[in-house]
Amino acid sequence: MPAAPPAVSPGLPRRIRVGYGLGSLCTGTFATVPGLILLYYLTDVLAVPPAVAGAAVFLPKAWDVLINPLVGALCDRSRLPGGGRRAFLLIGACTLPPLFALIFAAPPLRGGAAAGYVAVLFLLAATAYAVFQVPYVTMPAEMTEDPHERGRVLGWRVGFLGVAILLSGAVAPAIAHADGDTPASYRLMGAVVAVLLAAGMFGAWAATRGAPEAARSRAEPSLRAQLAAARSHRPFLHLAGMWTLQALAIGVMLAGVQYFATYTLGSATAVTWLFVCLIGPLALFMPLWNRLARRKGVRYAQWCASLLYTAGAAVLGLAPAAGPAAGYASVVLVGIAYAGLQLLPLTMLADTLAADAARTGVRRAATFTGLWTAAETLAFALGAGVFALVLAVTGFRSSDAAHHVSQPDAALTGITAGMSVLPALLGAASLWLLHRYREPATESPKEEPARAE
């Protein structure tokens with residue numbers, strides 16, 4: 001009979017586990033909606049040239065690489081009432097929702113002036129998001145030292161993440177396109193999404209009141225110090241590199257899906273159904289990825305998800321010749337893989353951090369999660385920039401909501417290649433880093449991936 005795991009800390013109340021997961025309504029929504037809509041909003045509603053639009057989307061999110069270490073250091077030194085981490089959750093909750101709504105409430109501007117307005121508001125929103133996200137992702141490692149209890153907490157986080165991605169990714173485009181891509185419809189969409197952000201952020205802040213602090217991890221005070229710590233931990237480097245490439249592939253695909261719907265499938269509203277095909281499998285297949293990980297190991301399951309994503313993205317390139325049905329079917333394959341990619345890297349990260357703490361005796365979760373979130377955010381932002389570059393190189397023509405223009409054949413080919421070939425190549429490159437990843441603790445059959453209870 002196997003020995004029971006040591007009771008390092010008492011089990012967390014269900015209120016705290018579920019309440020913590022509510023924060024993913026924010027992280028999932030903010031990672032999805034700008035990547036899905038913002039570039040298209042700039043090029044096809046505000047008549048911003050693709051290259052300028054790409055810079056307006058990418059540069060504010062690239063700021064996260066600098067702001068995340070600063071937020072982590074401020075959280076570590078914080079003595080604010082209500083708990084240092086939770087106080088930052090509240091600050092983010094008060095600032096991000098209104099800033100997000102203002103991004104899509106641009107005055108009647110066009111071209112470069114419109115891009116400048118959006119870039120400034122997006123920069124402020126990205127800063128508010130960092131204030132919430134950095135302490136949020138650190139909290140599970142500090143609320144309990146029990147890996148099984150930590151897995152239950154992460155399970156709720158992943159569950160709400162799937163809800164947020166599906167809800168925001170389906171509803172936001174539907175509202176934006178309901179009145180023919182007018183500025184008014186985008187303003188309404190921004191307000192509705194802001195309410196969803198506020199619900200998740202304030203919910204996480206309120207429900208984690210009284211959460212224990214079983215351990216306290218401290219981030220290195222600068223980006224240089226964080227990178228030095230990461231260089232000393234090869235498993236983390238390979239794991240973070242793998243996920244960064246996969247997040248970049250997903251970011252490119254998210255940025256392109258609206259263009260693919262409008263110019264390849266011939267209907268702007270088709271983006272809602274494409275997104276349902278992409279995200280719909282989350283709830284159905286995430287338990288199956290969980291089961292595969294328990295039986296074969298998390299790394300094995302990650303291999304399967306990564307290979308399936310790469311294959312699905314490659315097949316998507318056949319959609320212009322094979323017809324819309326082939327496009328939807330390919331996106332479903334990508335969605336099945338995406339369900340695993342949302343769960344398994346987080347599980348591997350938690351196991352890697354726990355193994356590092358056991359091996360070194362030093363708690364570096366804040367340092368590594370700060371780098372992880374910065375790399376993830378930068379990758380998603382870079383995805384929009386890369387797709388904008390593809391549009392610019394292939395001659396895409398910008399327009400406003402009242403005057404849509406036809407696109408040259410080269411631009412149509414670029415949209416398809418950006419949605420399929422480029423993500424497939426990035427997915428294939430991530431496999432090399434997954435092959436290099438080694439962390440014995442994550443390969444133990446006793447370690448189960450996160451699940452909600």
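H10 passes H17 in a left-handed crossing, meaning that the near helix is turned anticlockwise from the far one by less than a right angle. The model is predicted: local features need pLDDT of at least 70 and side-chain atom pairs count only at pLDDT 80 or more, while totals for chains, interfaces and linings use all residues. Residues are numbered from 1 along each chain as its sequence is written, and side-chain values use heavy atoms, without hydrogens and water.

Helix pair
- The axes (lines fitted to C-alpha atoms over the stretch in contact) of H10 (residues 234-264) and H17 (residues 409-419) come within 8 Å and cross at roughly 140 degrees.
- H10 is therefore oblique to H17, since angles under 35 degrees count as roughly parallel, over 145 as roughly antiparallel, 65 to 115 as roughly perpendicular and the rest as oblique.
- The contact (heavy atoms within 4.5 Å) includes Val252, Met253 and Phe260 of H10 and Leu412 and Ile415 of H17.

- Beyond four places in sequence, the contacts of Tyr41 include Leu46, Phe104 and Tyr186.

Gln258
- Gln258 is found in helix H10 and is buried, with a relative accessible area of 2%; buried means under 20%, exposed over 50% and partly exposed in between, with a 1.4 Å probe and protein chains only.
- Leaving aside neighbours within four places in sequence, Gln258 is in contact with Leu36, Tyr40, His177, Ala268 and Val271.

Note on methods
Axes fitted to C-alpha atoms, helices over the stretch in contact; angles between N-to-C directions. Helix = DSSP H or I, 4+ residues; strand = E, 2+ residues; numbered from the N terminus.
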